[in-house]
Amino acid sequence: MVLVARQPVQTRLQASAGRSAGLVPTPFLKWAGGKGQLLDQLTRHIPSEFGTYFEPFVGGGAVFFHLRPQRAVLSDSNPDLIQAYEAVRDDPEGLMSALDTFRGRIITEELYYSVRRQNPRNLSALARAARTIFLNKTCFNGLYRVNSNGEFNVPFGSYKSPTLYVRENILAASLVLKNTELHVEDFRESCKAPRKGDFVYLDPPYDPLSKTSSFTDYTRGGFKEQDQRDLSEMFRELDRKGCKVMLSNSPTPMLRELYRDFKCMNLKAKRAINCKGIGRGAVDELLVVNY
Ligand SMILES: C[S@@+](CC[C@H](N)C(=O)[O-])C[C@H]1O[C@@H](n2cnc3c(N)ncnc32)[C@H](O)[C@@H]1O
């Protein structure tokens, strides 16, 4: 009888790093608050073993793509964003063909606003995902902001020749997303699913350092003080369940108080699209872990 060793249930970061020998994907969208600049510092604090990886505020997914966990559940309250992830996961070739309709065209203000005016509800899933990626790469600073009707309202970005996608990156991202569940969900819902031993990375919109400074308009209604308080309750609940939890946010007095029972660290972040609205350059980032 041949005994076959069973695959360990746990994700081991060393093992997962070698999972796809090809290109390590990077986010296929520019995203405010993206963690690209912080990856080295963040990964030092990520547990080396865990069950399923959960990211309830996935945004551009810089940490997810960097880790390439074997099993993951990604969520965000932004339906356009999650739908773009689904297109990358399920039909990367179709998505790239849809994006190729813009190939060779000069990205003028007129073209940008004509795409922005399209009603996404009248488009196929692929055309809608292509529209999201097109607008993200050609709008001002890659911001995502909607008006009170939920319509995307970021102005034109005036880039000379923006790259809409890199073929190898989309294919590599698609591969990493294959075993990944995707959900359009509020964090209060997505934080219910993790079980003991799972790892949850929380990267919510920043708590403003001053009343006028912050970019928190990712979705209608923004992200308010009560949301930050609810999230700290979810953090405690996940901790009680035996999950490993890591949260990044701005180092405001309110957050230090909310997370005072956990290990709090200061990281230095360099950001191009600055969610804290205090210009570019190095800013402090609060990192909280329960392990
Ligand atoms: C700071 S960004 C995440 C950045 C991400 N870590 C990255 O590397 O790009 C915050 C994300 O939270 C999402 N968001 C805002 N309010 C939310 C809510 N109530 N529930 C879930 N996601 C929400 C936004 O759509 C946005 O994508």
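Where does Ser 158 lie? Ser 158 sits in the loop between α7 and α8.

First, a word on what you are looking at. This is a predicted model, in which local features need pLDDT of at least 70, side-chain atom pairs count only at pLDDT 80 or more, and totals for chains, interfaces and linings use all residues. Residues are numbered from 1 along each chain as its sequence is written.

The protein has 11 helices and 9 strands, taken as DSSP runs numbered from the N terminus (helices are H or I, at least four residues; strands are E, at least two). Of its 291 residues, 39% are buried; that term asks for 20 or more other C-beta atoms within 10 Å of the residue's own, while 12 or fewer makes a residue exposed and anything in between partly exposed, with C-beta atoms placed from the backbone. Among contacts with a separation of 6 or more, 74% join residues 24 or more positions apart, a contact being two C-beta atoms, placed from the backbone, within 7 Å.

Now let us turn to α4. Asp 80, Leu 81, Ala 84, Tyr 85, Ala 87 and Val 88 of α4 are buried. Seen down the axis, these buried residues fall within an arc of 160°, so they line one face of the helix; the arc is that of the directions from the helix axis to the C-beta atoms. An α-helix has 3.6 residues a turn, so residues three or four places apart point the same way. The cover over the buried residues of α4 includes β4 (72-76), α5 (92-100), α7, α8 and β5 (180-184).

Helix α4 (residues 79-90) packs against α8 (residues 167-177) at an angle of about 95°, their axes 7 Å apart. The two helices are therefore roughly perpendicular, a label for angles of 65 to 115 degrees. Tyr 85, Val 88 and Arg 89 of α4 meet Ile 170, Ala 173, Ser 174 and Leu 177 of α8.

Ser 158 has a positive phi near 55° although it is not a glycine, and it is partly exposed, with 13 C-beta neighbours inside 10 Å. Asn 141 lies in the loop between α7 (125-138) and α8, and its phi is positive, about 60°.

Technical notes: Axes fitted to C-alpha atoms, helices over the stretch in contact; angles between N-to-C directions. Parallel < 35°, antiparallel > 145°, perpendicular 65-115°, else oblique.
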